[in-house]
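Student: I am new to this and would like to learn how to read a protein model. Could you walk me through it?

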Amino acid sequence: MAIVYQHRRKDDNTVFYIGIGKDIKRAYSFRNRNKHWLNIVSKYGYDIDILFEGISYEDACNVEFGLVKAYGRIDIKTGILVNLTD
């Protein structure tokens, strides 16, 4: 089972990251985050929204992919997320 979550900036509630994890702890973890994520969190703080819980890992991957595609990524100039992969 898996979760899908999003991180929002505290200053303006903008979604800046979409993630998945095998359990809810991943949404709260600072481990293995990229420098852009760390910069936003240190400057603005963040809130966490659990979007889906108890779904298969395959379904979580599909949901994450769709959300990243919808919001777009900063690194490839298609949107607002600091995710480095789709």
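Tutor: Gladly; we will go through strands, a helix, aromatic rings and one arginine in turn. Please keep in mind that this is a predicted model.

Student: Let's begin with strands. In which sense do strand 1 and strand 2 pair?

Tutor: They pair in the antiparallel sense, over six bridges. One example to look for is R8, which stands opposite V15 in strand 2. The two strands form a hairpin with five residues between them.

Student: Is strand 2 mostly covered or mostly open?

Tutor: Mostly covered: seven of its seven residues are buried.

Student: What should I look for in the loop between strand 1 and strand 2?

Tutor: Look at the backbone angle phi. Most residues other than glycine have a negative phi. N13, in that loop, has a positive phi of about 65° although it is not a glycine. With 45% relative accessibility, N13 counts as partly exposed.

Student: Now a helix. Which residues of helix 2 are buried?

Tutor: Helix 2 spans residues 35-44, and its buried residues are W37, I40 and V41. They cover an arc of only 95° around the axis, so they lie on the same side of helix 2. These buried residues pack against strand 1, strand 2 and strand 3.

Student: What does the face turned away from the buried side carry?

Tutor: That face carries the exposed residues K35, S42 and K43. While you are at this helix, look at its start: a side-chain oxygen of N34 reaches to within 2.9 Å of the backbone nitrogen of H36.

Student: How do I read the aromatic rings?

Tutor: Check how far apart two ring centres are and how the planes are tilted to each other; planes over 60 degrees apart count as edge-to-face. The count here comes to five aromatic pairs. F30 and Y46 form one that is edge-to-face, at 6.0 Å centre to centre and 70° between the planes. F30 lies in the loop between helix 1 and helix 2 and Y46 in strand 3, so this pair ties together parts that are 16 residues apart in sequence.

Student: How are the rings of W37 and Y46 arranged?

Tutor: Their centres are 5.3 Å apart and their planes are at 70°, so this pair is edge-to-face. W37 is buried, with a relative accessible area of 0%, and Y46 counts as buried at 14%. Ring pairs link F16, F30, W37 and Y46 into a cluster. Over the face of W37 lies R33, at 4.8 Å from the ring centre.

Student: Let's finish with R9. Is R9 buried or exposed?

Tutor: The cut-off for buried is under 20% relative accessible area, so R9, at 17%, counts as buried. R9 is in strand 1.

Student: What does the side chain of R9 make contact with?

Tutor: It makes a polar contact of 2.7 Å with the side chain of D11, and another of 3.4 Å joins the side chains of R9 and D12. R9 also lies over the face of Y44, at 3.8 Å from the ring centre.

Technical notes:
Residues numbered from 1 in each chain as written. Predicted model: local features only at pLDDT ≥ 70, side-chain atom pairs only at ≥ 80, totals over all residues. Heavy atoms only, no water. Helix = DSSP H or I, 4+ residues; strand = E, 2+ residues; numbered from the N terminus. Buried < 20%, exposed > 50% of the residue type's maximum accessible area, 1.4 Å probe, protein only. Polar contact = N/O pair within 3.5 Å; in protein donor to acceptor, adjacent residues only side chain to side chain. Arc of directions from axis to C-beta. Contact = heavy atoms within 4.5 Å. Pairing = 2+ DSSP bridges. Phe/Tyr/Trp six-rings, centres within 6.5 Å; stacked < 30°, edge-to-face > 60°. Lys NZ or Arg CZ within 6 Å of the ring centre and 35° of its normal.
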